[in-house]
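Hi,

Here is the structure I promised to pass on to you. Have a look at it first, and then read on for my notes on what turned up.

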Amino acid sequence: GAHATLRQLSAALERNKVIAINPPPGTKFDPHQHQAITVVPSELEANSVVNVLQKGYSISDRVLRPALVTVSAPK
């Protein structure tokens, strides 16, 4: 029952152009879509997303909630 409800909710959000912001690790930090919570040393390029703490959402190119991310520190 819960999985069916989640699928219906996801389908309704996609129909209304609500899109999740969930950048994969290594994506360049974008202050318009991401909010940096912490900066950590990493093997990734400086100012890259290391980890997503909370997904964000946008609707028709307007950010409703930015994704909360951990960002790599400059070397």
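A word on terms before the notes: a residue is called buried under 20% relative accessible area, exposed over 50% and partly exposed in between, with a 1.4 Å probe and protein chains only. Helices (H or I, at least four residues) and strands (E, at least two) are DSSP runs, numbered from the N terminus. Please keep in mind that this is a predicted model, in which local features need pLDDT of at least 70 and side-chain atom pairs count only at pLDDT 80 or more, while totals for chains, interfaces and linings use all residues. Residues are numbered from 1 along each chain as its sequence is written, and side-chain values use heavy atoms, leaving out hydrogens and water.

H1 covers residues 2-15, 14 residues in total, and spans 20 Å from its first C-alpha to its last, close to the 20 Å expected at 1.5 Å a residue (the expected span is 1.5 Å times one less than the number of residues). The number of buried residues among the 14 of H1 is zero, so the helix lies largely in the open. Arg15 belongs to H1 and counts as exposed at 63% relative accessibility. Asn16 sits in the loop between H1 and E1; with a relative accessible area of 52%, Asn16 is exposed too. Lys17, which follows H1, has a positive phi, near 65°.

Next, the largest pocket. On a 1 Å grid over the protein atoms alone, a pocket is an open set of points where a 1.4 Å probe fits, with protein on both sides within 12 Å along at least five of seven lines; lining residues have an atom within 4 Å of a point. The largest pocket holds about 160 Å³ of space, and its lining consists of Leu9, Ser10, Leu13, Glu14, Val18, Ile19, Ala20, Lys55 and Tyr57. H1 and strand E1 (18-21) are the elements that give two or more residues to that lining, and H1 gives the most, with four.

Finally, the core. A nonpolar core is a set of buried Ala, Val, Leu, Ile, Met, Phe, Trp, Tyr and Cys residues joined through side-chain atoms within 4.5 Å. Ile21, Val49, Ala67, Val69 and Val71 make up the largest one, five residues, and strand E6 (residues 67-72) supplies its largest share, three residues.

Enjoy exploring it!

Terms used. Points joined across faces, edges and corners; volume = space filled by probe spheres on them.
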